[in-house]
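I opened the notebook to record what I looked up, one topic to an entry. The structure comes first, then my notes.

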Amino acid sequence: MDVQNLQNKYPQLITYLESNGYSGLYIARFNREIQRILHQAKLKGWKSYTDVYLACVEISKSSSYLREKRTIIGAIEKFEILSLYPNRCQRHQILRESNYDLLSTEFKSVIDHYCDSEKGKGKKDTTLYTESHNATTFLLALHQKGLDSLTKITESAVLEIFFQNGRLCRSCSYKKNVAAVFKACIPFFPKDTCTKVLSYLPALREKRKNIHNTLLRRKFPN
């Protein structure tokens with residue numbers, strides 16, 4: 001688990017909590033958890049934030065203690081990986097599919113550039129999360145095929161992610177989310193690198209209900 005990014009970014013998180021009226025006790029809990037991660041990740045051999053949480057499970061089985069740990073560790077994870085700040089209206093859980101740590105350095109940089117560039121453009125946090133999460137699973141699937149850089153990605157490898165045994169296995173919205181990430185990353189990578197990957201994505205149509213026929217059936221039922 002590489003903690004350098006958290007080491008560099010966590011003061012921004014603490015400043016945000018202080019500026020947005022979070023209690024001193026709550027901020028202290030965040031600070032304490034961050035310091036624990038920074039100082040013990042390498043020593044304990046943690047590979048992801050899930051490992052950080054599982055270490056807490058070994059300490060106590062108290063439901064209230066573990067609920068608090070899931071919330072704080074989950075918020076730290078989303079901030080470090082997705083640049084999303086805590087939200088009082090949403091309980092932050094540890095990402096169930098925390099695949100980011102399994103990506104190659106270059107694939108991680110795709111997610112990093114997307115999150116950093118799109119955060120200030122008015123997108124909802126849920127949109128940022130969904131798009132980056134889908135792109136992460138897409139890149140991980142490629143990585144598992146032995147492709148660890150953008151220049152190694154082939155059209156056949158991309159199509160294998162969307163089709164299995166000749167049948168579509170990914171939705172149009174998934175494809176749109178992946179495309180959104182690569183479009184945002186075009187300025188950050190060598191010319192045509194991201195556009196080539198975009199050209200490999202299959203042309204999918206959203207399934208829409210035929211409103212006209214639906215209305216006719218309601219007006220003239222059998």
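**Entry 1, core.** I began with a term: a nonpolar core is a set of buried Ala, Val, Leu, Ile, Met, Phe, Trp, Tyr and Cys residues joined through side-chain atoms within 4.5 Å. The model I searched is a predicted one. Its largest nonpolar core has 65 residues. I looked up which members touch the most other members, and they are I76, F138, L139, L142 and F182. I then took F138 and set aside its neighbours within four places in sequence. That left V158, I161, F162, Y174, V178, F182, V197 and L201 in contact with F138.

I checked pLDDT next. The mean for the protein chain is 85, and 87% of the residues reach 70 or more. Which element has the lowest mean pLDDT, and which the highest? Helix α10, residues 211–219, is lowest at 47, and helix α9, residues 193–200, is highest at 96. Over residues 209–216 the pLDDT stays under 50. For that stretch I found zero contacts beyond four places in sequence.

Side chains of opposite charge can pair when their charged atoms come close. I searched the whole structure and got eight salt bridges.

E33 pairs with R36, with 2.5 Å between the closest N and O atoms. Both lie in helix α2 (residues 24–44), three residues apart, about one turn of the helix. Are they buried or exposed? E33 counts as buried because its relative accessibility is 2%, and R36 is buried too, at 16%.

K121 and E118 meet in another salt bridge, 3.1 Å from N to O. K121 is exposed because its relative accessible area is 57%, whereas E118 counts as buried at 8%. I also noted a network of salt bridges that links E118, K121, K123 and E131.

In the salt bridge of D148 with K152, the closest N and O atoms are 3.0 Å apart. D148 is partly exposed, with a relative accessible area of 32%. K152 is partly exposed as well, at 41%.

Conventions: Residues numbered from 1 in each chain as written. Predicted model: local features only at pLDDT ≥ 70, side-chain atom pairs only at ≥ 80, totals over all residues. Heavy atoms only, no water. pLDDT = per-residue confidence, 0-100. Helix = DSSP H or I, 4+ residues; strand = E, 2+ residues; numbered from the N terminus. Contact = heavy atoms within 4.5 Å. Buried < 20%, exposed > 50% of the residue type's maximum accessible area, 1.4 Å probe, protein only. Salt bridge = Lys/Arg side-chain N within 4 Å of Asp/Glu carboxyl O.
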